[in-house]
Structures are given as C-alpha cells and as structure tokens.
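Some notes on this model follow, as numbered points. Please read them alongside the coordinates.

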Amino acid sequence: MTPQITVLQTIGRELAIVWSDGHETYLPLEEVRKACPCAVCCGEPDVLGRGDKPQVRHTPASFELDSSEMVGGYGWKPRWADGHATGIYSIGYLRRLDPSAA
Ligand SMILES: [Zn+2]
C-alpha cells in the first residue's frame, strides 16, 4: 500500500515530501518536471498504439514551481512558472520517482 503524503513543500530548487511512513523524499524540481505524466509531455498513443514522445521545450521557468495542490486525495497537481499545469502526479508515481524509497 502506498504511504500518504504528510508534508509536501518546495525547499530551494527541490520538492520535499514527508511520507506517512516517515520516509523523506527530496527531488530536484527539474527532475519532477521532466517526469510530468501528462499527455502533452508523454504523448498519447493513437488508436493503433503508435505514439511518439513529443519534443517538449523547457525553459528555466519550466523548472520553477508556481503553486501546487492535492487533487482528490490521490494526486498532486503542480502549476509550473511557465504556465504548464496539466500533469497530475499520483501519490504512487511520486513515490516511485524517489530512488531511495522502498
Ligand atoms: Zn506535462
């Protein structure tokens, strides 16, 4: 079972998460943004299952967090300083981004 997020905040250029099991995650915002799971960033396969990863243009503002919110108790939705806000990171996905998490 995936632990819940107790605390989520940005510290400098990192996203800091404290989990309900006591684990702490620190992820560079740049990595978090590059892992954006939305259709724009990941591409959506067509009906035949073909889908190319689109070229995503990042600017320095892409890696700055403007604000973020928890949605529906299952996901985290960041709004980046470049206006990108379509990615919803599930709790489990965020946890898997942390290589040190069990
Ligand atoms: Zn995205």
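How many helices and strands are there in the protein?

1. The protein has three helices and six strands, counted as DSSP runs (helices H or I, at least four residues; strands E, at least two) and numbered from the N terminus. Their order from the N terminus on is β-β-β-α-α-β-β-β-α.

2. This is a predicted model: local features need pLDDT of at least 70, side-chain atom pairs count only at pLDDT 80 or more, and totals for chains, interfaces and linings use all residues. Residues are numbered from 1 along each chain as its sequence is written.

3. An open sheet of three strands runs in the order β1-β2-β3 with antiparallel pairing, where pairing requires at least two DSSP bridges between two strands. At the edges are β1 (5-11) and β3 (24-28), each of which pairs on one side only. Direction ignored, neighbouring strands of this sheet are turned by 15° against each other on average, with axes as lines fitted to C-alpha atoms.

4. Six bridges join β1 to the antiparallel β2 (residues 14-19). L8 has I17 in β2 as its bridge partner.

5. Of the 102 residues in the protein, 13% are buried, meaning that 20 or more other C-beta atoms, placed from the backbone, lie within 10 Å of the residue's own.

6. Beyond its neighbours within four places in sequence, Y89 is in contact (C-beta atoms, placed from the backbone, within 7 Å) with P37, G75, W76 and L94.

Notes:
Buried ≥ 20, exposed ≤ 12 C-beta atoms within 10 Å, placed from the backbone. Axes fitted to C-alpha atoms, helices over the stretch in contact; angles between N-to-C directions. Contact = placed C-beta atoms within 7 Å.
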